[in-house]
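Hi,

Here is the structure I promised to pass on to you. Have a look at it first, and then read on for my notes on what turned up.

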Amino acid sequence: MDNRELWTILNMDLEKHDDFLAPLPGVYTELFLNRPGRPAGMDYFDQVVGDVHGARIHELYNLKLGGGKVFATFCVYVPDEIVLATGSASIGLCAGAQYTVPSGEKVLPRNTCPLVKSSMGFKLDRICPYFQVSDWVIGETTCDGKKKAWEILSEHIPTYVMELPQRKGERDNRFWEDEVREFARLVERETGVSLTAENLKSGVKKVNERRQALKRLAELRRHRPAPIHGLDVLLINQLAFFDDPERFAEKVNVLCDELEERVCQGIGVVSAEAPRILITGTPQPLPAWKIHALVEQAGGIVVGEETCTGERYYKDLTEEAATVEEMLQNIARRPMHVNCACFTPNHGRVEDITRMAKDLQADAVLEFNLQFCQTYGVESYFIGREMEERGIPYLHLETDFSEEDQGQLLTRIEALLEMIRS
C-alpha cells in the first residue's frame, strides 16, 4: 500500500498532515541540501527525512502485523534495550514543531514548555504517524509539565509513566532499578515475550552499537577544520530515535569512514578559523533546527551538544552481564550517569560542559533553553557562573519553536561570534 493508504488506516488527519508537511521540502533544501561541501554519507539521512512519515512507518506497521509492539518515548531515560530484547520497536515521537503548539494549548496552559505542548498537539491533531502507529507511550517524570501532561495524554493513547528519582544516592539508584524492573514486566506482559539473558544481551548490543556510532561521529568533530556541519550532526542525532537501530548504526559508521578521510586530508566544511560553539541546555527534538542553523548561518560551527539530543544519549554504554537480574541492573545504572537538570544537585552537568568545551576546542558555550523550562532555566545560573570563572565566553538564549524571534537571536549570536574573533 502507499503512504496515504497507511495513514488512513492509522486514522490520521490527512488534510492537517499535508498542511504541516508542505513547507518541509523547501525548508530542508535551504537549511541542508544547499550547503556546499556536505559529505556524501549524508545522502542516506536526507532520504530518511524525505520520506520521514513513510518508509519507517511501513516497517513499524508490518512489525505490528507480525505480532510485535511499538513503544514510543520522549526521553533518554526510558530503556530501549528492554523493548528491543522482545523483538518490538522503541521509537521517539514528534515534539519540536510550532505548528502543533496551538492544539496543545487547548488542553495545557500557555506557560507550559513548548516541547510538551507540541508533542500533545501532534497527538490531538493526529498528524504524527509515529504516535498513531504506537501501542504505548512511555512517559517519565523529568519535569512537572510532562508529569501532568501524561494524565491528559493517557485519555488518547495507553500511557505508562516511569517515576524518575530527583537525586543520585544509593537509595535513588535502588528506586530506579525497581522502576526499570516494573517497566520490564510491562513489556513482557504486552509483548508476550519473556526476557532472557540472551535476548537482553541482543537488545543491549543493538543500542550500544548505535551509541558507539554516534560517539565515533562526535569525536570526529574535535578536529579543526570541522569535517561536518553541526546542523547535519543534530539531524543524525534526532533520527537516532526513529530509525532501525542496526541500519542506523551502519549508516553512521559509513559516514564516519568518509569523515576520517576528510580529516586526514584536512578537508572541512568551514575554515579552521571559524568560531567553534558548544551547545548545551534543553533537547532539540525533530524538527527543531533553529539554533544550530542560526549559529552556522552567522559563520560559526557547532562542534558538540551537551543535550539529550547529543552527548547525554550516547556517552555511556550498558554493560553486559550473565543473568537477567544483573542485566536489568546494568540497564538501570547507565541512565543514572545522564546529568539532566531534573536532578539536584547536578554538578555533573557543569563538569560535562567544561570537559566537552576543552575536548572539542570550543571557543564559546551557547546555552539554549526552551521557554518555561524551569529546571534548565534555573540551572543556567550555575552554568553561566562556571563559564565566567573559567574564562569561557557564554551566551544564554531562551526561545521556542517559532520563527518570530530569529532576527533577535541572530543578532545576539553574531555578537558572540564577533567577540570571539576580536
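**Overall fold**

For the chain's 422 residues, the rule for a compact globule gives a radius of gyration near 22 Å, and the chain has 21 Å, which agrees. Please keep in mind as you read that this is a predicted model.

The C-alpha trace spans about 60 × 50 × 45 Å along its principal axes. In secondary structure, the chain comes to 20 helices and 8 strands. Of the 422 residues, 58% are buried. Among contacts with a separation of 6 or more, 76% are between residues 24 or more positions apart.

As for the surface, the chain exposes about 17,400 Å², and carbon and sulfur atoms supply 48% of that area. On the charge side, there are 48 positive and 67 negative charges, and their mean positions lie 3 Å apart.

I would start with Asp 135, in the loop between α9 (129-133) and β3 (136-140). Is Asp 135 buried or exposed? Its relative accessibility is 18%, and since the cut-off for buried is under 20%, Asp 135 counts as buried.

What does the side chain of Asp 135 reach? Leaving aside residues up to four places away in sequence, Asp 135 touches Lys 64, Gly 68, Lys 69, Val 70 and Pro 158.

The second one is Arg 210, which sits in helix α12. With a relative accessible area of 3%, Arg 210 is buried. Its side chain reaches the backbone oxygen of Ala 240 at 3.0 Å. If residues up to four places away in sequence are again not counted, Arg 210 touches Asp 80, Ala 240, Asp 243, Pro 245, Phe 248, Ala 249 and Tyr 313.

**Backbone points to check**

Some backbone geometry may interest you if you plan to set up calculations. Most residues other than glycine have a negative phi, and most peptide bonds are trans. Here are the places that go the other way.

- Arg 224 and Pro 225 are joined by a cis peptide bond, with omega about 5 degrees. Pro 225 lies in the loop between α12 (197-220) and α13 (230-239).
- Leu 286 to Pro 287 is also a cis peptide bond, with omega near 5 degrees. The loop that holds Pro 287 runs between β5 (276-281) and α15 (290-297).
- Asn 11 has a positive phi, near 60 degrees, although it is not a glycine. Asn 11 belongs to the loop between α1 (3-9) and α2 (14-21), and at 46% relative accessibility it counts as partly exposed.
- Gln 361 likewise has a positive phi, near 55 degrees, in a residue other than glycine. Its place is the loop between α18 (347-359) and β7 (364-370), and Gln 361 is partly exposed, with a relative accessible area of 37%.

**Exposed residues and distances across the chain**

Where is Glu 155 found? Glu 155 is in the loop between α10 (144-153) and β4 (159-162), and at 66% relative accessibility it counts as exposed. Glu 155 and Gln 361 are 206 residues apart in sequence, and their C-alpha atoms are 48 Å apart in space.

Tyr 381 is in helix α19, which covers residues 374-390. Is Tyr 381 buried or exposed? Its relative accessible area is 51%, and exposed means over 50%, so Tyr 381 falls in the exposed class. From Tyr 381 to Leu 239 the separation is 142 residues in sequence and 31 Å in space, C-alpha to C-alpha.

That is the set of notes I have for now.

Best wishes

How values were computed:
Residues numbered from 1 in each chain as written. Predicted model: local features only at pLDDT ≥ 70, side-chain atom pairs only at ≥ 80, totals over all residues. Heavy atoms only, no water. Helix = DSSP H or I, 4+ residues; strand = E, 2+ residues; numbered from the N terminus. Rg over C-alpha atoms; globule rule 2.2 N^0.38 Å. Buried < 20%, exposed > 50% of the residue type's maximum accessible area, 1.4 Å probe, protein only. Contact = heavy atoms within 4.5 Å. Areas by Shrake-Rupley, 256 points an atom, 1.4 Å probe, with all protein chains shown as cover. Lys, Arg positive; Asp, Glu negative; His and termini not counted. Charge placed at Lys NZ, Arg CZ, Asp CG, Glu CD. Polar contact = N/O pair within 3.5 Å; in protein donor to acceptor, adjacent residues only side chain to side chain.
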